[in-house]
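Please keep the sequence and the coordinates at hand while reading.

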Amino acid sequence: MNERGIVILTGAGIAAGIEDVATPEAFARDSARVQAFYDARRVQLRDPAIQPNAAHHALARLAREYPGPVLVVTQNVDDLHDRAGQPNLLHMYGELSKARCLRCGMVSPIKGAGLAATPCPTCGAQVLHPHVVWFGEVPMHMEEIEEALEERCGLFAAIGTSGQVYPAAGFAETT
């Protein structure tokens, strides 16, 4: 088995104006607006027309068939890599289909709209927050990503990302 693996970064462009709903300050200022934005994205993701594409499936197949480790790090908060069957995946900016309780910290799956009115399944508090990383926050899984890049990466590929947003923009320099 090849000890040096492949690390693949995937992403998509960010729409203009996203800062109005993707910061801790926006959530503090108008949590209802922020919750409504993410509720709408979550409902949209459940549309049967929204499916993993050929690239999602190809990366999942690569991970299954390559003789060494393959890690996919996605900047996207959708679940398309998951639905394609990606076995070794890190969501560095969180997951739209999950919520995090601001009281107890529990992360749980959520579907559709109504996050603001949904109680935490663990503590019952109604302070759920989209399980996403906002501008100004530290991305998730950074230690795992850095370890993979520095110690186990024989090949790094960036697919569908502008390479403009840090820390992901610096990944190629790390390998």
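A residue is called buried under 20% relative accessible area, exposed over 50%, and partly exposed in between, with a 1.4 Å probe and protein chains only. The model is predicted, so local features need pLDDT of at least 70 and side-chain atom pairs count only at pLDDT 80 or more, whereas totals for chains, interfaces and linings use all residues. Residues are numbered from 1 along each chain as its sequence is written, and side-chain values use heavy atoms, with hydrogens and water left out.

Asparagine 88 belongs to the loop that runs between helix H4 (80-83) and strand E3 (89-91); helices (H or I, at least four residues) and strands (E, at least two) are DSSP runs, numbered from the N terminus. When residues up to four places away in sequence are not counted, asparagine 88 touches Val70, Leu71 and Val72, where contact means heavy atoms within 4.5 Å. Glutamine 51, by comparison, is 37 residues from asparagine 88 in sequence and 19 Å from it in space, C-alpha to C-alpha.

Alanine 26 lies in helix H1, which covers residues 24-29. Is alanine 26 buried or exposed? Alanine 26 counts as buried because its relative accessibility is 1%. Apart from neighbours within four places in sequence, alanine 26 is in contact with Glu19, Asp20, Val21, Ser31 and Val34. Between alanine 26 and aspartate 79 there are 24 Å in space, C-alpha to C-alpha, and a separation of 53 residues in sequence.

How many salt bridges does the structure hold? There are five salt bridges, each being a side-chain nitrogen of Lys or Arg within 4 Å of a carboxyl oxygen of Asp or Glu. In one of them, aspartate 79 pairs with arginine 83, and the closest N and O atoms are 3.0 Å apart. Aspartate 79 is buried at 9% relative accessibility, while arginine 83, at 32%, is partly exposed. A salt bridge also links glutamate 95 to lysine 98, at 3.2 Å from N to O. Here glutamate 95 is buried, with a relative accessible area of 15%, and lysine 98 is partly exposed at 27% relative accessibility. Arginine 152 and glutamate 147 likewise meet through their side chains, at 2.9 Å from N to O. Both partners are partly exposed: arginine 152 has a relative accessibility of 34%, and glutamate 147 has one of 36%. Through salt bridges that share partners, Arg46, Asp79 and Arg83 are joined into one network.

Although histidine 141 is not a glycine, its phi is positive, at about 65°. Its relative accessible area is 33%, so histidine 141 is partly exposed. Glutamate 144 lies within helix H5, residues 142-152, and is partly exposed, with a relative accessible area of 44%. On the surface, Glu143, Glu144, Glu146, Glu150 and Glu151 gather in a patch of negative charge. Such patches are made of residues with over 30% relative accessible area and no salt bridge, with like charges joined within 9 Å and nonpolar side chains (Val, Leu, Ile, Met, Phe, Trp, Tyr) within 5 Å. Asp and Glu count as negative and Lys and Arg as positive, while His and the chain ends are not counted.

How values were computed
Accessible areas come from the Shrake-Rupley method with a 1.4 Å probe; for residues, only the protein chains shown count as cover. The place of a charge is taken as NZ of Lys, CZ of Arg, CG of Asp or CD of Glu.
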